[in-house]
Amino acid sequence: MIKTAYDKLSAETYDTRRFDSPSGQAIHQIELSFLMDALRNMEPDKNKNILEVGCGTGRLLVEVCQSGYLPHGLDASVHMLLQCSEKLQNSYPEVGFVFAEAGKIPAQADCIDFLYSRRASLDSILNCSDLILAFIDFHWSGTPIPAEKT
């Protein structure tokens, strides 16, 4: 059974609670900057399979779509995925969503061209070996998000 910290009300108010403050906006800009730097080496191509693990309400998915890519989102909270879907459905109806835990990505090896996640999204994975097993079969044609900016 998938465990999640986000019930319906938490998901509905998440973006406002987390990102309306000046510090929240700064966090968003830092995360977005890292992601866009990583995507810089991959030309926008709607045929590339891009997956955000722990997409939450779709805050970063929207930005990736606006940059010309067609990402898909995976999250362990159905309520967060519903918020994400509502946010993207009119402008980007082709974005797909997957209800799953980060450590149990339901995809075949080599079918994802670029995978990204924020560290907080991976907190549900209990240990490093589970994380390695979750990602080991994926082929990365893009550059992974760097640990720190150089």
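Predicted model: local features only at pLDDT ≥ 70, side-chain atom pairs only at ≥ 80, totals over all residues.
Residues are numbered from 1 along each chain as its sequence is written, and side-chain values rest on heavy atoms, without hydrogens or water. Local features require pLDDT of at least 70 and side-chain atom pairs pLDDT 80 or more, whereas totals for chains, interfaces and linings use all residues.

The protein chain contains five helices and four strands, where helices (H or I, at least four residues) and strands (E, at least two) are DSSP runs numbered from the N terminus. Their order from the N terminus is α-α-β-α-β-α-β-β-α. Of the 150 residues, 40% count as buried; buried means under 20% relative accessible area, exposed over 50%, and partly exposed in between, with a 1.4 Å probe and protein chains only. The chain exposes about 8600 Å², of which carbon and sulfur atoms supply 54%; these areas come from the Shrake-Rupley method with a 1.4 Å probe, and for residues only the protein chains shown count as cover. Among contacts (heavy atoms within 4.5 Å) between residues at least 6 apart in sequence, 69% join residues at least 24 apart.

In soluble globular proteins, nonpolar side chains tend to be buried together. A nonpolar core is here a set of buried Ala, Val, Leu, Ile, Met, Phe, Trp, Tyr and Cys residues joined through side-chain atoms within 4.5 Å. The largest core has 21 residues, and those touching the most other members are Leu35, Leu39, Ile50, Leu88, Phe114 and Tyr116. At least two residues of this core come from each of α2 (22-39), α3, α4 and β4 (114-117), and α3 gives the largest share, five residues. Beyond its neighbours within four places in sequence, Leu39 contacts Ile50, Val64, Tyr69 and Phe114. A second, separate core of seven residues includes Leu74, Ala102, Ile112 and Leu115.

Helix α4 (residues 78-88) has the buried residues Met80, Leu81, Gln83, Cys84 and Leu88. These residues lie on the same side of α4, because they cover an arc of only 160 degrees around the axis, the arc being that of the directions from the helix axis to the C-beta atoms. They pack against α1 (8-19), α3 (59-66), β2 (71-75) and β3. Together with Val78 and Phe99, Leu82 forms a nonpolar surface patch of about 270 Å² accessible area. Patches consist of residues with over 30% relative accessible area and no salt bridge, with like charges joined within 9 Å and nonpolar side chains (Val, Leu, Ile, Met, Phe, Trp, Tyr) within 5 Å.

Four salt bridges are found in the whole structure, each a side-chain nitrogen of Lys or Arg within 4 Å of a carboxyl oxygen of Asp or Glu. One of them joins Lys87 and Asp15 at 2.4 Å, N to O. Lys87 belongs to α4 and Asp15 to α1, so this pair ties together parts 72 residues apart in sequence. Lys87 is partly exposed at 36%, as is Asp15 at 22%. Within α1, Glu12 and Lys8 lie four residues apart, about one turn of the helix, and their closest N and O atoms are 2.5 Å apart in a salt bridge. Asp37 and Arg40 form another salt bridge, with closest N and O atoms 3.6 Å apart; Asp37 is partly exposed at 25%, whereas Arg40 is exposed at 58%.
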